[in-house]
Amino acid sequence: MEFGPYLLLASLEGAVTAAVLALTAVGLSLVFGVMRVVNVAHGEFFMLGAVLAWWIATTVGGHPALGFAVALVVAPLIVGVLAALADMTVLKRVAYDPERTIVATIGLLYIIQQVTLMTYGPEARPVEPPFNHRLAIPWIERVEGSWQLYYPWGLSTTSYKLAVIGAAAVVLLGVWALLARTRIGLVMRATQLDRDMATAFGIPVERVYALVFGLGAALAALGAVLVVPIQQAHYLMGGDPLLLSFIVVIIGGLGSLPGTVAAAILIGLSDGIISVFFSPTLAKIIATLLVALVLVFRPQGLFGTRAA
Amino acid sequence: MLELQGIGAGYGQAQVLRDLSLTVDGGEILCLLGRNGAGKTTTMKAIMGLLPLMSGKVLLDGVEVSALPPHRVPRQGLGYIPQGRRLFGELTVAQNLEVGLMARGAGADVREQVLDLFPRLRERLRQRAQTLSGGEQQMLATARALCLSPKALLLDEPTEGLQPSMIDAIRQVILRMRAQGVAVLLVEQRVDAVLSLADRVAFLENGRLARTLPAADLRADHAIVDRYLGV
């Protein structure tokens, strides 16, 4: 058995994890960066995205691609609106006090989880991918002095998995463009840098907060919609994304979006590779150890500029 | 015209301002003087709606701005230059100005006017605000507030820590605003700087207005200053 093809396969699996993780973690990072809110319910918004994707895909019916396309747009939208409402009715009432928002979002976590259990039920349900061609993984070998492409037996990925990676990259570019190139992005950054001065220059900070909280949740939901054809929707699926997102955000540097993306790729790839060659548990252990090391030796994160 | 009617304000339970009434007319520079902790900066924050009023109201040209949500206050035409400048440090000069322009939907013409007042900012539009020198930062903070085409301008120690040439540049702009009919409320520590600039002077003592009098009187009799500010 050659090692190379398997490493390529593991990296591809890792890249899918990284792509979804990057979307989810950027949502968490955005909320923390702008609002200084540690959103413990972030994983539940992820779960809600997956469950809604199943519900929408089932309701729409027809060709799987149709239901999925609708879910891709509508599920993040619904989750975003729900999150914005939660912000206005709960987080605003506790005045975004750091400790109280943690308790409030823990409450939110249980409410979302239990309501999903009561309505959607305890089953894990799949969503059919819009397209799913099996793609053999190519590798090169040396035959009689020249390099040749061949397909090692039994190793494959799917076109859908590659699409997930591409879609995540496109969305992340979109988020970057939104922040760096638009007025709304400028308003969000000004609010992040100095809330009082933003107010003193006419920025409706509370509306910006509702928007950011909704956007953060919608990004998690979008990640979930992308992953649900691979993973199935379940009411307890929010735990892992939450833990991994926190790991990624801490390693990347709190509130730093480039750092978050870089850390998501690092953690996602290592998770994929270690899971394939050793065990998923070891992958989590190593990720958590990495967080501990980062916290000890570089508390501001790999890309953080200053202590938060 | 900016008018404070019996305002009370503070932080949480601690009341700092008590029954403070002041008026600043258009085309007038009123300077707030007082010892540390007298409530000068608190007055500015209360006017901007950044601190909730415990009593009284703030009027700008007859509009009760203190009844508006805080982010609507500047849109009435209040430009604020806070102590320590408080720029959006990671944003560029152009973006800081953009935030100011957005507040009242001002266009390119206002931007040009403001940049004409501060040519040095024009050369540094793409530079991050936090990398500017202290004087340039003060210019930017002033320019950002002028982007609102304000009816009233609040300046909290605008010349703190600046070199003389910068102080003079800021002064010229303040005088120019006065000539354009802007109501200017100025907080300043350096009494000599105040006397040559202000039309009237208000002394704050423990959050209350102790006395308001024309600056000319102070120039004639310096003893009054020592009574309210001396140690």
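A crossing of two helices is called left-handed if the near helix is turned anticlockwise from the far one by less than a right angle, and right-handed if it is turned clockwise. Keep that in mind as we walk through this predicted model, where local features need pLDDT of at least 70 and side-chain atom pairs count only at pLDDT 80 or more, while totals for chains, interfaces and linings use all residues. Residues are numbered from 1 along each chain as its sequence is written, chains are lettered from A and ligands numbered from 1 in the order in which they are written, and side-chain values use heavy atoms, with hydrogens and water left out.

Let's start with helices in chain A. Two packed helices are described by the angle between their axes and the distance between the axes. Helices here are DSSP runs (H or I, at least four residues), strands are runs of E (at least two), and both are numbered from the N terminus. Axes are lines fitted to C-alpha atoms, for helices over the stretch in contact, and angles run from 0 to 180 degrees between N-to-C directions.

Take helix α1 (residues 3–35) of chain A and helix α5 (residues 159–181) of chain A: their axes come within 9 Å and cross at roughly 25°. So α1(A) and α5(A) are roughly parallel to each other (angles under 35 degrees count as roughly parallel, over 145 as roughly antiparallel, 65 to 115 as roughly perpendicular and the rest as oblique). The crossing of α1(A) past α5(A) is left-handed. Among the residues in contact (heavy atoms within 4.5 Å) are A:Leu12, A:Val16 and A:Leu23 of α1(A), along with A:Ile165, A:Leu172 and A:Leu179 of α5(A). By type, the residues of this contact are 17 nonpolar, no polar and 2 charged. Here Ala, Val, Leu, Ile, Met, Phe, Trp, Tyr, Cys and Pro count as nonpolar, Asp, Glu, Lys and Arg as charged, and the others, Gly among them, as polar.

Next come helix α2 (residues 42–60) of chain A and helix α3 (residues 64–91) of chain A, packed at about 140° with axes 8 Å apart. That is why α2(A) and α3(A) are oblique to each other. Their crossing is right-handed. On the α2(A) side you'll find A:Phe45 and A:Leu52, among others, meeting residues of α3(A) that include A:Val70 and A:Ile78. This contact splits into 16 nonpolar, 2 polar and no charged residues.

Now for the place where the chains meet. The size of an interface is often given as the accessible area lost when the parts come together. Between chain A and chain B, about 1,900 Å² is buried, with carbon and sulfur atoms giving 69% (buried area is the accessible area, 1.4 Å probe, that two parts lose on being put together, summed over both). A:Leu186, A:Met197 and A:Phe201 supply 36% of the area that chain A buries against chain B, more than any other three residues. Chain A brings 19 residues to the contact and chain B brings 22 residues.

Finally, some charged pairs. A salt bridge is a side-chain nitrogen of Lys or Arg within 4 Å of a carboxyl oxygen of Asp or Glu. The whole structure has 15 of them over all chains, and 2 salt bridges lie across the interface of chain A and chain B. The side chains of A:Arg183 and B:Glu98 form a salt bridge at 2.9 Å, N to O.
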